[in-house]
Amino acid sequence: MEFEFSLIVDGISVDDDEAIATLYDNYDALLVCQGGKSVIVISGEGVDAVQAAHAVIGSLKSTLPQVSVLRLDPDLVGVSDIAGRVGRTRQNVLQWVNGERVADRGNAFPQPEGIVGRSHVWRWAEVNSWLNSIDLSDGVERPDREQSLIIDLMVLQWLKAMEQGRPAIEALAEQDERAADRLRVMNLLGEAIQDQAFSGELIKLPRKDRHRLKIVCAVLLDPLSRVIEKLGPNELSGALAVISDEGELHLTPIAATPLPGTVSAASIGLGVNATVGDLVLLQRNGTVRRETPLSLGFAS
């Protein structure tokens, strides 16, 4: 799915013709100046807005390394702004806001984000989503409030990582009945990656995007084949994070295909039906070291 993002950035200006041409040629993106802020309007693809943001911000940093993404622009709109964007009158918009002209009474107009001056303002993404219910949206998907918060936190982590010369971490996890266990892995991971010695081995394998490292947060019963699917078909390498039965975090460099310096899963006895728990058991008994990079490609 494609999502549009308005990124508040630094390190670029509307007078930089070369950078603006690069944005347009590579991403069909625009750079605009709004209230003294430089904002890049750009689209990215992913299963959700957060994953799409990871991909597009990482790619943008690779293409234009001088650009720093600071946060998302919430794109706040008032009644007049909404009226202008949908071609309706202010009175019409006020009727929507007050619930006076809505076909589906259960679909209430979004809550305002706050007040600017004496007037309420709303997030355009939430208003646009509501407008979709009455066939007046612009058809563009944008991150909602919760996703925007996650993305802003992600950007802060990225900035800190880049200042320290480390890649930005993208934690991936299934949203299933074991989501709470995966969240526990993510929490431990967040603490562990602050230790550069701990994470140093993870960044040695070739990656498509050197500024970003994907880590799959798994549980012991997950199939290793599913870990590779979660990593994605376009990634050369990443890492696997899991908590053992003893409560210890195991963090292992992984690759979808044989790469120089990796050991194949088959060579240590892991077949197509192997689980993450099977790998952890081999690491515990010394068959393979935990920090040894593994190739987890399985023949079909």
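This is a predicted model: local features need pLDDT of at least 70, side-chain atom pairs count only at pLDDT 80 or more; totals for chains, interfaces and linings use all residues.
Let's start with two strands: S2 and S3 run antiparallel and are joined by 5 bridges. Residues are numbered from 1 along each chain as its sequence is written, and side-chain values use heavy atoms, with hydrogens and water left out.

Now zoom out to the sheet. Strands of a sheet pair through backbone hydrogen bonds, either parallel or antiparallel. Here, 4 strands form an open sheet in the order S2-S3-S1-S4, with antiparallel pairing. Its edge strands, S2 (30-34) and S4 (68-72), each pair on one side only. From one strand to the next, the twist averages 40°. A quick word on terms: strands (E, at least two residues) and helices (H or I, at least four) are DSSP runs numbered from the N terminus, two strands pair if DSSP finds at least two bridges between them, and angles run from 0 to 180 degrees between the N-to-C directions of axes, which are lines fitted to C-alpha atoms, for helices over the stretch in contact.

On a 1 Å grid over the protein atoms alone, a cavity is a set of points where a 1.4 Å probe fits but cannot get out, while a pocket is an open set with protein on both sides within 12 Å along at least five of seven lines; lining residues have an atom within 4 Å of a point. Points are joined across faces, edges and corners, and a volume is the space filled by probe spheres set on them.

The largest pocket holds about 930 Å³ of space. Of its 29 lining residues, Val50, His54, Ile150, Ala171 and Met186 lie nearest the centre. Helices H2 (49-63), H6 (145-163) and H7 (179-192) and strand S8 (168-172) each give two or more residues to that lining.

The second largest pocket has a volume of about 600 Å³, and H2 gives the most to its lining, with 5 residues.

Finally, there are 2 cavities of 30 Å³ or more. The second largest cavity has a volume of about 60 Å³, and H9 supplies the largest share of its lining, 3 residues. That lining divides into 7 nonpolar, no polar and 5 charged residues (Ala, Val, Leu, Ile, Met, Phe, Trp, Tyr, Cys and Pro count as nonpolar, Asp, Glu, Lys and Arg as charged, and the others, Gly among them, as polar).
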